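Good morning, everyone, and thank you for making the time.

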Amino acid sequence: MILKNPLATIESLSTFARIFADRQMKIVSMSIIKLLAFTLLVVFSTSLSFASGGSSTEKEFNVGEMIMHHIKDAHEWHLWGPEHGGTSIYLPVILMDEGMKVFSSKNLYHGELATAIDHKTHQSVTYYKGSGSAEGYGMFHEKIYKLNNGELSFEDGHVHGNAKVFDFSITKNVLSLFFGAAIILAMMLTVAGYYKKNGAVAPKGLAKFMEPIIVMVRDDIAKANIDKHKYHKYVPYLTTIFFFIWLNNMLGLVPILPGGANLTGNITVTLFLAVCTLLVTVFSANKNYWSHIFATPGVPKLLLPIMIPIEIVGIFTKPFALMIRLFANITAGHIIVLALISIIFINKNAAWGMLSVPMALFISVLELLVAFLQAYLFAMLSSLFIGAAVEEAHH
Amino acid sequence: MDLILPDLGLLFWTGIVFCTLLFILTKFAWKPILGAVNAREQKISEALELAEKTKAEMKALQSENENLLKEARAQRDSMLKDAKNAADKLIEESKDKAKLEADKIVTAAKEAIKNEKLQAMSELKTHVAGLSLEIAEKIIRGELSSDEKQKALAEKMAEDINMN
């Protein structure tokens with residue numbers, strides 16, 4: 001997307017907003033639904049917490065907390081039962097703190113539930129204090145810290161003064177990542193095996209299903225946007241990114257193990273994928289691309305001091321938009337499904353399922369479409385950026 | 001807030017898994033799959049091309065065949081014509097020859113007949129002359145048997161001569 005004239009270049013200031021708006025026309029109505037649902041959810045949860053007022057001894061069901069807990073990463077894979085003390089799969093914790101330390105997250109979750117007083121707000125905060133091999137570590141909001149004098153100290157609801165350790169744990173998202181990768185590998189190697197065995201014949205079985213999708217990525221995504229002499233090189237990257245996003249999106253929609261983690265709705269994952277696209281774009285960019293950034297043809301020399309920073313920002317806004325789009329869409333999908341299901345628990349009446357289940361089902365089906373659409377968009381826009389970077393000058 | 005903050009551990013694992021996936025898929029999946037798909041596409045386009053070529057060839061062959069057939073037909077026609085001509089000629093010739101022969105025969109026959117006739121005529125003439133002489137002798141003898149008769153005759157003859 002190299003801009004050809006100064007007017008268009010100025011527009012690049014709003015690239016982020018523009019890409020967001022243009023590319024998502026199709027799903028804009030969906031986004032509105034999500035936004036409405038999210039607003040509803042916030043209203044519900046706040047009103048509920050006011051209503052409960054702490055009078056009842058049983059801990060009230062907090063929708064907002066439950067949903068936030070779900071869409072974030074965790075060191076356990078919660079299966080059923082109450083959030084603490086229910087049935088969970090405890091995942092290995094790997095810490096880099098004066099050497100590698102590996103222990104089960106059970107040592108954290110089943111450690112001491114400690115209470116500390118916030119130094120600023122003077123409210124009590126609870127956190128997990130590790131026991132056994134997790135001795136000396138505390139966990140607050142799934143972040144692991146080193147204990148100072150056997151405790152964590154808080155300021156304004158945040159841990160203050162305790163060293164954060166490098167946490168390379170196999171968290172819920174990492175495990176989901178492994179599952180996703182394993183499924184993709186199993187599928188694609190099966191397909192590749194079919195062709196290896198049968199040669200260039202008409203596909204059957206899984207190959208018959210996968211081939212049109214692979215060919216679609218090759219033809220409609222890569223070939224359509226990248227110079228026809230250069231696109232071959234990028235097809236493996238685009239197909240990998242497409243299937244990685246698509247499969248993990250769908251895996252996130254499966255409510256039980258191995259699905260249900262909010263992997264592609266995690267900013268870290270989308271950040272990594274966007275950085276990949278940025279690196280591919282920057283490292284395959286040719287002279288023509290850089291000349292449009294540092295000496296945009298047809299722009300007066302006097303304007304260049306303004307133009308160059310704008311163009312440089314433009315390099316980063318494109319992958320940034322990719323990152324935000326995927327993160328927001330998938331997270332929103334998870335939030336809305338959970339919010340709709342929560343209607344039952346907010347009202348404490350199974351009859352609400354008559355309303356909430358069909359709605360959740362509808363949104364889930366819609367999310368299947370979104371899962372594909374977001375993977376397609378990510379690959380498509382990556383291809384578009386690469387195509388612009390390798391485009392030859394034509395005057 | 002930590003919803004929109006990247007996490008180092010997850011970034012590390014995502015990087016490892018994605019790069020491994022990219023490497024393995026590129027080497028062991030995309031390459032063979034796309035290779036097979038490309039090969040098949042090429043095979044199909046080649047087959048189509050070949051079919052098109054064969055079709056054109058068939059067409060050429062057909063027209064060639066037609067030409068050949070036409071030529072053969074023309075040849076047959078000309079041969080038939082030649083044969084007919086030859087036969088006609090032969091017939092004509094033999095007819096002419098036969099006619100000539102017949103004419104010859106007829107002419108010869110006519111000649112022979114003429115000769116025979118002439119001979120017969122001369123023979124007849126001789127015979128008739130002989131007979132006439134004989135008759136005349138006999139008549140003359142009768143006529144001259146008496147003097148009167150000789151006299152009458154002489155007179156008559158004289159009369160004839162006179163009348164002439």
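Let me begin with chain B, whose secondary structure comes to two helices and zero strands. Please keep in mind throughout that what you see here is a predicted model. The radius of gyration of chain B is 64 Å, whereas the globule rule gives 15 Å for 164 residues, and because the value is well over that figure, chain B is more spread out than a compact globule. The dimensions can also be read along the principal axes, where the C-alpha trace of chain B spans about 200 × 30 × 15 Å. How much of chain B is buried? Of its 164 residues, buried ones make up 7%.

Now to chain A, where I would like to start with the strands.

Elsewhere in chain A, strand 6, residues 124-129, runs antiparallel to strand 7, residues 137-140, and two bridges join them; here the bridge partner of Tyr128(A) is Met139(A) in strand 7. Strand 7 of chain A also pairs with strand 8, residues 143-146, again in the antiparallel sense, over four bridges, with Phe140(A) standing opposite Lys143(A). Strands 7 and 8 of chain A form a hairpin with two residues between the strands, and in this hairpin His141(A) takes a positive phi near 50°.

Let me finish with a pair of helices in chain A. Helix 6, residues 172-198, packs against helix 8, residues 235-253, at an angle of about 120°, and their axes are 10 Å apart. The two helices are therefore oblique to each other, and helix 6 of chain A passes helix 8 of chain A in a right-handed crossing. Which residues meet where these helices pack? On the side of helix 6 of chain A they are Ser176(A), Phe179(A), Gly180(A), Ile183(A) and Ile184(A), and these meet Phe243(A), Phe244(A), Leu247(A), Asn248(A) and Leu251(A) in helix 8 of chain A.

Methods: Residues numbered from 1 in each chain as written. Chains lettered and ligands numbered in written order. Predicted model: local features only at pLDDT ≥ 70, side-chain atom pairs only at ≥ 80, totals over all residues. Rg over C-alpha atoms; globule rule 2.2 N^0.38 Å. Buried ≥ 20, exposed ≤ 12 C-beta atoms within 10 Å, placed from the backbone. Axes fitted to C-alpha atoms, helices over the stretch in contact; angles between N-to-C directions. Parallel < 35°, antiparallel > 145°, perpendicular 65-115°, else oblique. Left-handed = near helix turned anticlockwise from the far one by under 90°. Contact = placed C-beta atoms within 7 Å. Pairing = 2+ DSSP bridges.
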